[in-house]
Amino acid sequence: MHDGCNGPAADGVLVLTKVRQMGFANMPLPAPLDIPCAHCGAAFAMVTFESACPECGMIHAVTPCSATDPGRVRAAGIGC
């Protein structure tokens, strides 16, 4: 059972874990988010709740409650 979108939104690993536990990791976002990679700065379109930067592989995640806000996307690490 999950607790909705409550929790430590500042920690990318915890956001990624939550998205995976909820079963949303590979589901499409309501609309793609154009974001800069938190690691290398390359711009890319995030299309699923868990997405990797095509340039460096940094994994980014966002919860369903925050899926329309690029500012809520968190980096979790490379190869998570």
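Begin by selecting Ser-51 and His-60: Ser-51 stands opposite His-60, a residue of β4. The model on display is a predicted one.

**The sheet**

The open sheet consists of 3 strands in the order β3-β4-β5, with antiparallel pairing. Its edges are formed by β3 and β5 (74-78), each of which pairs on one side only. Viewed from one strand to the next, the twist averages 30°.

Next, display helix α1. This helix packs on the sheet and touches β3, β4 and β5. The direction of α1 makes about 90° with that of β5.

**A residue on the helix**

Within helix α1, select Arg-20. Is Arg-20 buried, partly exposed or exposed? Its relative accessible area is 38%, so Arg-20 counts as partly exposed. Residues up to four places away in sequence being left aside, Arg-20 touches Ala-25, Glu-50 and Cys-80. A distance may also be drawn from Arg-20 to Ala-61: the C-alpha atoms are 9.4 Å apart, while the two residues are separated by 41 residues in sequence.

**The nonpolar core**

Which residues touch the most other members of the largest nonpolar core? They are Leu-29 and Met-46, in a core of 20 residues. At least two residues of this core come from each of α1 (12-22), β1 (28-36), β2 (43-48) and β4 (58-61). In soluble globular proteins, nonpolar side chains tend to be buried together.

Centre the view on Met-46 and show its surroundings. Apart from neighbours within four places in sequence, Met-46 is in contact with Leu-29, Pro-32, Leu-33, Ile-35, Ala-61, Val-62 and Val-73, and also with Ser-51 and His-60. The last two are the residues with which the tour began, Ser-51 standing opposite His-60.

**The aromatic pair**

Finally, select Phe-24 and Phe-49. The structure holds 1 aromatic pair, and these two residues form it in an edge-to-face arrangement, with 5.5 Å centre to centre and 65° between the planes. Phe-24 lies in the loop between α1 and β1, and Phe-49 in the loop between β2 and β3 (50-52); the pair therefore ties together parts that are 25 residues apart in sequence.

The two partners may also be coloured by accessibility. Phe-24 has a relative accessibility of 23% and counts as partly exposed, whereas Phe-49, at 6%, is buried. The cut-off for a buried residue is under 20% relative accessible area.

Technical notes. Residues are numbered from 1 along each chain as its sequence is written. This is a predicted model: local features need pLDDT of at least 70, side-chain atom pairs count only at pLDDT 80 or more; totals for chains, interfaces and linings use all residues. Side-chain values use heavy atoms; hydrogens and water are left out. A nonpolar core is a set of buried Ala, Val, Leu, Ile, Met, Phe, Trp, Tyr and Cys residues joined through side-chain atoms within 4.5 Å. Buried means under 20% relative accessible area, exposed over 50%, partly exposed in between (1.4 Å probe, protein chains only). Helices (H or I, at least four residues) and strands (E, at least two) are DSSP runs, numbered from the N terminus. Contact means heavy atoms within 4.5 Å. Rings of Phe, Tyr and Trp (its six-membered ring) pair if their centres lie within 6.5 Å; planes under 30 degrees apart count as stacked, over 60 as edge-to-face and the rest as tilted. Two strands pair if DSSP finds at least two bridges between them. Axes are lines fitted to C-alpha atoms, for helices over the stretch in contact, and angles run from 0 to 180 degrees between N-to-C directions.
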